[in-house]
Amino acid sequence: MTIKLNTTIKNARLSLISDAADAGTTGAKLTIYSGTRPATGGTVTTALITLPMQTIGFNAPSGGVMTAKAISAVNIATSGTASWFRLTDSSNAFVCDGSVATSGSDMTVPTTSFTAGVTLTVTSLVLTDAN
């Protein structure tokens, strides 16, 4: 059986993610990868780009949903097809992994076909406690 959590608990869990991401000395890092997403916290595939987040990188959760504050555009480092991301604190400690797509995913990007040297603007990063 699956338990269902109330919104207060969902928001508290999301706040823990935000706190973990902000645990380093500067803002969190959001790295987008190509290839198959590994098991939680597992060995990464090919990094395409790393985006620095603001020192307090997320807005306060509400309704079991938490959105990232604006993420600065950065030039893509390596060409490839974006498929997943990893959020770490500024010292690279694992926080969470998520999906990347042009719609219907944790992170929305204009295209998943990344070309080195092209500037990437993240359209949105939304974390949802779906329980």
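These legends go with a set of close-up views of one predicted model. Numbering starts at 1 along each chain as its sequence is written, and side-chain values use heavy atoms, with hydrogens and water left out. Because the model is predicted, local features need pLDDT of at least 70 and side-chain atom pairs count only at pLDDT 80 or more, while totals for chains, interfaces and linings use all residues.

**View 1**
The largest pocket comes out at a volume of about 180 Å³. A pocket here is an open set of points on a 1 Å grid over the protein atoms alone, where a 1.4 Å probe fits, with protein on both sides within 12 Å along at least five of seven lines; lining residues have an atom within 4 Å of a point. Points are joined across faces, edges and corners, and the volume is the space filled by probe spheres set on them. The lining is made of Arg 13, Leu 14, Ile 17, Phe 85, Cys 96, Asp 97, Gly 98, Asp 106, Leu 127, Thr 128, Asp 129 and Ala 130. Helix H1 (7–21), strand E6 (94–101) and strand E10 (124–128) each give two or more residues to the lining; helices (H or I, at least four residues) and strands (E, at least two) are DSSP runs, numbered from the N terminus. Sorted by class, the lining has six nonpolar, two polar and four charged residues, with Ala, Val, Leu, Ile, Met, Phe, Trp, Tyr, Cys and Pro taken as nonpolar, Asp, Glu, Lys and Arg as charged, and the others, Gly among them, as polar.

Searching the whole structure turns up one aromatic pair. For the cut-offs, rings of Phe, Tyr and Trp (its six-membered ring) pair if their centres lie within 6.5 Å, and planes under 30 degrees apart count as stacked, over 60 as edge-to-face and the rest as tilted. Tyr 33 belongs to strand E1 (residues 29–34) and Trp 84 to strand E5 (residues 80–88), so to speak distant parts of the chain, 51 residues apart.

**View 1. Thr 31 and Ser 34 in strand E1.**
Thr 31 is buried at a relative accessible area of 9%, and Ser 34 is buried at 14%. The Thr 31 side chain makes a polar contact with the side chain of Thr 50 (3.1 Å). That term covers a pair of N or O atoms within 3.5 Å; within protein, one must be able to donate a hydrogen and the other to accept it, and residues adjacent in sequence count only if both atoms are side-chain atoms. Leaving out residues up to four places away in sequence, Thr 31 touches Ala 47, Ile 49, Thr 50, Trp 84, Phe 85 and Arg 86, where contact means heavy atoms within 4.5 Å. With neighbours within four places set aside, Ser 34 is in contact with Thr 45, Thr 46, Leu 48, Thr 81, Ser 83 and Trp 84.

**View 2. Thr 111 in its loop.**
Thr 111 is in the loop between strand E7 (107–108) and strand E8 (113–114) and is partly exposed at 38% relative accessibility. Its side chain reaches the backbone nitrogen of Ser 113 at 3.2 Å.

Conventions
Buried means under 20% relative accessible area, exposed over 50%, partly exposed in between (1.4 Å probe, protein chains only).
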